[in-house]
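User: I have a structure open and want to go through parts of it. Can you take my questions as they come?
Analyst: Go ahead.

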Amino acid sequence: HMLVAASLRHARRAVSVARVERRFMSQRTVVLKFGGSSVGSAKALASTADALINRHAANERVVAVLSAMYGVTNKLVGSVNAAVTGDEAAIKEYRTALWSLHEDTCKELLSNDGANSVLGFLEASLAKDFDQRLKSISEKGAFDDWDMDVVSCLGERYSTRILAQHIRERNLQSEAVQADTIITTDGVPGDSSCDLPATRKRIGPLAKMLDDRVLPCVTGFLGLAPDGRVTTFGRGGSDVTATVLANVLNAQEVCLMKVECTDKNGRMVGWEPGWIGVVHDADPNHTVEELTYAEAAELAFWGKKVLHTHTTSYVENEGIPIRVGSSYDPTHRGTLIGVPPSNNRALRAFTSLSLSALQERLSKATIKIGNNIAPDADLVAVAGVGHQISSSPAALDDMVNILKSANIASEPLQCARDTGHSHAVLVDSKDKKPALK
């Protein structure tokens, strides 16, 4: 009887362990990135917390990646530029605006103790990373790229602290995670790439949080260079942070949550209906339902601001899908990036980029312009993605002819890149909207 009882206990334990293992294996790891408008006010942060808590309650392993609150990065960049000229009045104005935004948000969203804790961190950070750094820049009369990186990423450090504290006050374990403690970059200031092998070696603490059912709030935009300095992925780099983490955590999905908003005096007033996911430049009400990784990368290259140019590169080989959604309407499917290529796919979307921005992206390359357009015109490149345009340069002739029939002069443009050839047409900026239509 004792042996039978022991065998039964062992069998029950084995079944229990198997159930736990199946439950763990069935848990999806999802990385949700929220842009500046999605965390731009106390109300926005509370709604973002709702979304995260709901996903966590659905038995998902949830990682939140946050941008700075709406308008904060612009103020930080403005502060650095003001320091170069020694404009103390402007620096004071920026600092006051930064403090008051975060103070008001903390007092509206958090308990007294929670607000005091976050504001204590904020005060110490501003003294060290803002005041001292700007004083050094003023004394030099110049800043280097590392100065800009250190200052410009402060907003992400603050938004993550606020949201993690708020989630804890709603009785769910949450921690603010500074991305420079887990992500290693190649050290290029202002335009870093991630060193994935080095990052995998540092990701253990974040993975353990997920195992322990903690909801981490990770700073987007930044990482740590091999020499120990902070560098950033460039503007919009929180998208990159999200896909990097999806890669090293073997996530099943990345969600990039964005939203249109209204503002007043540099502060976000509230969310409003607007574009959802990736949309056609000429028709913001039309959401492109699906894109391949290559199509999304092409749109980003040609100026589609909804995506950072390197967003897809960290998840394409792993086949991790990216969904671009809306905080205003989280039930909308948005745009799914990562569908298989298809020769039957219709033309997906068009976007545009100024000629000067294109030359910047092509490292100041000289772009030869034909005779169809006046040489002194203010030019923009209009590009489309989809099988017809990406696979056949001859389709450029069709685009030129279509525009010609609408009395719009254009020139075909082909750019050689590491990923292959990109195709677009150049038009005068005054013709951009009709050309897109």
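User: Where does asparagine 59 lie?
Analyst: Asparagine 59 is in the loop between H2 and E2. Helices (H or I, at least four residues) and strands (E, at least two) are DSSP runs, numbered from the N terminus. This is a predicted model, in which local features need pLDDT of at least 70 and side-chain atom pairs count only at pLDDT 80 or more, while totals for chains, interfaces and linings use all residues. Residues are numbered from 1 along each chain as its sequence is written, and side-chain values use heavy atoms, with hydrogens and water left out.

User: What is the phi of asparagine 59?
Analyst: Positive, about 70°, although asparagine 59 is not a glycine.

User: And how exposed is asparagine 59?
Analyst: Asparagine 59 is partly exposed, at 26% relative accessible area. Buried means under 20%, exposed over 50%, and partly exposed in between, using a 1.4 Å probe and protein chains only.

User: Which other residue has a positive phi without being glycine?
Analyst: Asparagine 171 is one of them, with phi near 70°. Asparagine 171 sits in the loop between helix H7 (154–169) and strand E3 (174–177), and it counts as exposed at 77% relative accessibility.

User: Back to E2. How many of its residues are buried?
Analyst: Six of the six residues in strand E2 (residues 61–66) are buried. That covers both faces: Arg61, Val63 and Val65 on one side, Val62, Ala64 and Leu66 on the other.

User: Which strands pair with E2?
Analyst: Strand E1 (residues 29–34) runs parallel to E2, joined by six bridges. Threonine 29 stands opposite arginine 61 of E2. Strand E4 (residues 215–219) also pairs with E2 in the parallel sense, over three bridges, and there valine 65 stands opposite valine 218. Two strands count as paired if DSSP finds at least two bridges between them.

User: How does the chain get from E1 to E2?
Analyst: The chain goes from E1 through helix H2 (residues 42–57) to E2, in a right-handed β-α-β crossover. Right-handed means that, with the strands pointing away from the viewer, the path from the first strand over the helix to the second runs clockwise.

User: New topic. How many salt bridges are there?
Analyst: A search of the whole structure finds 18. A salt bridge here is a side-chain nitrogen of Lys or Arg within 4 Å of a carboxyl oxygen of Asp or Glu.

User: Why would such side chains pair at all?
Analyst: Side chains of opposite charge can pair when their charged atoms come close.

User: What does glutamate 60 bridge to?
Analyst: Glutamate 60 bridges to arginine 55, with the closest N and O atoms 2.5 Å apart. Glutamate 60 is buried at 8% relative accessible area, whereas arginine 55 is partly exposed at 22%. Both belong to a network of salt bridges that links Arg28, Arg55, Glu60, Glu253 and Arg323.

User: What about aspartate 147, buried or exposed?
Analyst: Aspartate 147 is buried, with 3% relative accessibility. Its salt-bridge partner is lysine 140, at 2.9 Å between the closest N and O atoms. Lysine 140 is partly exposed, at 46%.

User: And which helix holds glutamate 103 and lysine 107?
Analyst: Helix H4 (residues 88–109); the two lie four residues apart, about one turn of the helix. Lysine 107 counts as exposed, at 56% relative accessibility.
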